[in-house]
Each structure stands twice: as structure tokens, then as C-alpha cells.
Amino acid sequence: MFDPYKVREDFPIFNRKIDGNNIIYFDNAATSQRPLQVIEAVKSYYELYNSNVHRGVHTLSQESSELYEKAHREVANFINAKDLQEIVFVKNTTEALNLVAYAWGFKNLKAGDEVVTTLMEHHSNMIPWEMISKVKGFKVKYVDINEDATLNYEMLENMVGSKTKAVCICHMSNVTGTINDVERVSKLAHENGAVVIVDAAQSVPHMPVDVKKLDVDFYAFSGHKMLGPTGIGVLYGKKELLDEIEPFLTGGGMVRDVKYEVSSGSVTADWAELPWKFEAGTPNIAGGVGLMEAVRYLKRLGMENVRSHEKELTEYALERLKELGKVRVYGPRRSSERGGIIPFNIDGMNPHDVALLLDQFGIMVRSGLHCAHPLHERLGVKGGTVRASFYVYNTREEVDRFIEVLKQIEKV
Ligand code: C6P
């Protein structure tokens, strides 16, 4: 039985009170909290194994390398990738998407080509494509959303064609919680010879993911949104695609051999095997170890349970929000199409003021534009939204308190 009260016991931060209030943490789409198991794993890495990886023959370096490789394998297993060769550790989703844009995009895109993305993207799945399009001359096209903030699939189907080289889409919107049918998008893209690049920052932490079933080409996510440390993220890429592209960052740790050729007076290099070819410089080893522990923790909870807990909590919160006369909620109507994210506004109030008032009661939400300005503009809320986002340790009781406080704020 999944029990959020039992889960909470693993999270030391919930022992803290702020101005006498328990912490109600509803800002999980920005970053999650960390369980003791993850904190301990990072601590014990530094206490027992700390050493650089792939750079030493001594015991500590061998052990540290083994742990770091194991972390890649466990992440691969978590999303059903073939093996560690398809798992590149990066800093976060932003870096993963930039890696694809710069490494794959520079090699494969030219004038006349099109990259199709959507209006519901986080800036990190828009701006890199716009930046490269200025150099390479291809066009970035945007698929619209429907009135309930779901993707306009009809428009997507009309937009993807022979010129399309990539379809870049989020699995779950960080603003509306909309869950996109990535399997359908992959099928459409592949039928047209395009690759599928998915921003999975909000999906991997909250639902079961099988990259083989989704048939995605690249899939990017962050450790810090899934109980892991900050500064560690993942780029999954199909081996054949990662094999064919050049690294984005170059330098130490990612080469097999580097030669100075006397005849030409220049240096040439050939790359290390996957995934190390894409991990230049000393990586975030402790972050990788912490992420491995986070993945183990989520596996023990069961990702089906995580999804159904959040779905249930979201349905409950949406139902209770109807009790409020001045609150306007955005996002899909069907709970099968939305994750545990609720953006809303209170009539006549600035979202930051609402967030500050909630904060006085120990309730943490995010307010503003959530790094998705075009989406807010499309929703007709230029001033932003208040966003409550749930995770494994949130409870119905917390939702009740949230509603009670919102009722007081509404009166103000
Ligand atoms: N969204 C939010 O509060 P990073 O910051 O690189 O770990 O993740 C970027 C990112 C990319 N895509 C989506 C869908 C995201 O939600 C995020 C991060 C946070 O919504 C911080 S802006």
C-alpha cells in the first residue's frame, strides 16, 4: 500500500517548522525534496569513495568509477534504455536539450529544414532551437494548444511533413501539467523521417517511463526534480544517434587518443566510447551516486503508485478548488491528460501576492511565468499564474489546508 505519511518520514525537511507552521511543499515542479537515503548516499560517497573517475588505477578511483558506471546502468534500467551507452550524465534538462540542439542540430540541420515544437514548451526546449536556426537558417515552427491546454494534434499532423527534421516536445508541461501522447508524436515524426526530442523534466519523476515503447530518439530529464541532487541530469539518446554525432563539449575524459601531428602541426583526437564521449571534464560523481539512490527509492515506491497517488491528489484538489468563487484554474479537464500540476489565479490578485500570502501559512508554491512566457501569453495570463505541484509526500490533509487558506486569501 502506498502511504504518503510513511514516505514523509524519510524526508528530514518536513521536521522543520517555519513561523510555527508545518511546511506544505507544493513547489515540486521546480525541485523536489530529498529523502534521507539520497542525502546519506551522497554523504557516504564523500566519506568512503571520493576520487576522480576513469582517471586512476588506484583503489579509490576504481571504486568511484564502478559506482558512477553503476549509476548510469540503474538510470538506464529505470527508463528501459538498452544499457549505459545510451545514458549521458549532464547538469540538468537544460544542458541535455542544449547538447542535442548543438551536437545533433548543428550536424543535421540546414536552410530549408524545419524543426517543429509547441507553444507549451519550457524555454529550454525553444531557445536553443531558435539560437541555432539563426546560424543554420532552418525554421522553427510552433504547434498551438487547444482551449483546455492540451496539444492541438490536428495542427501537429498538418505541420509535420517532408521538411521536418525534428519534433521537439515536452512529455508533461511544467505549467498546465498537460501530458502529451509521446508515442503518437514519435510515430508521426518517424513516418516523416524526423527525430523526436523529448523534454522529460516533468514526466520521469512522476510516471512510469519506457523509452523503447515511446520510441523517442532523445529524452532529457533532471535529477533534482526526482528526489536526486541538484547539478545532475540525464540525456537518453538512441545509441545509433549518439554514435553518429560529435561531442558538444570537448577536453579531458572524453577521448580515446589525442595526437600532435608533426607534418600538419595540428592536434587530432578520437573519442572515447559512449557515453563518456559526451561527458567532458570531471563529472558530478556524487550527484550520479545520489541520483542512483533516488531511482532506487522511486522504484521501491513503484512508479505506477507515484502516478496514481498524484492523480488522485490532483483530482481531489481540482474538485475542492471549485468551492472557491474567485479562483480560475488552467489545464486539461481529463485527469488522464494531466499530471500533478495545478496553475491558477485569483481574480484581481497578482500571483506573487497570492504566493506570498500562502507562504505566511507555510505553503510553498511557485508564482510567475515558470520559464514558459509564450505559453502564458497564449493562455491570456501575461502576469503569470500561481502553481501548486504535488509529489509522493503530499497528502489530502495538506490540500485541505491549502483550500482553507485560499478561502481566507480570497476574502482579503
Ligand atoms: N522547470 C519549474 O519551476 P532544469 O532547470 O534544467 O533542471 O530544468 C529545465 C526544465 C525543462 N523543462 C521543463 C518542462 C521544466 O519544467 C524545467 C524546469 C522548473 O517549472 C524550473 S524553471
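Visitor: Which unit do S7, helix H7 and S8 make?

Guide: Keep in mind that this is a predicted model. Here S7, helix H7 (residues 182-191) and S8 form a right-handed β-α-β unit.

Visitor: How many bridges join strand S7 to S8?

Guide: There are 5 bridges between strand S7 (residues 164-170) and S8, and the two run parallel. To see the pairing, find isoleucine 169, which sits opposite valine 198 in S8.

Visitor: And which residue stands opposite isoleucine 197?

Guide: That's phenylalanine 218, over in S9. S8 also pairs with strand S9 (residues 218-222), again in the parallel sense, over 3 bridges.

Visitor: Why is S8 described as largely enclosed by the rest of the structure?

Guide: Buried means under 20% relative accessible area. In strand S8 (residues 195-199), 5 of the 5 residues are buried, so the strand is largely enclosed by the rest of the structure.

Visitor: Which residues of S8 point which way?

Guide: Val195, Ile197 and Asp199 point one way, while Val196 and Val198 point the other, and all are buried.

Visitor: Which residues line the largest cavity?

Guide: Among them are Ala29, Met172, Gln202, His206 and Glu310. By type, the lining divides into 4 nonpolar, 4 polar and 1 charged.

Visitor: Which domains does that lining draw on?

Guide: At least three residues come from each of domain 1 (4-30 + 302-411) and domain 2 (39-299).

How values were computed:
Residues are numbered from 1 along each chain as its sequence is written. This is a predicted model: local features need pLDDT of at least 70, side-chain atom pairs count only at pLDDT 80 or more; totals for chains, interfaces and linings use all residues. Side-chain values use heavy atoms; hydrogens and water are left out. On a 1 Å grid over the protein atoms alone, a cavity is a set of points where a 1.4 Å probe fits but cannot get out, and a pocket is an open set with protein on both sides within 12 Å along at least five of seven lines; lining residues have an atom within 4 Å of a point. Ala, Val, Leu, Ile, Met, Phe, Trp, Tyr, Cys and Pro count as nonpolar, Asp, Glu, Lys and Arg as charged, and the others, Gly among them, as polar. Domain bounds come from an automatic or database domain assignment. Buried means under 20% relative accessible area, exposed over 50%, partly exposed in between (1.4 Å probe, protein chains only). Helices (H or I, at least four residues) and strands (E, at least two) are DSSP runs, numbered from the N terminus. Two strands pair if DSSP finds at least two bridges between them. A crossover is right-handed if, with the strands pointing away from the viewer, the path from the first strand over the helix to the second runs clockwise.
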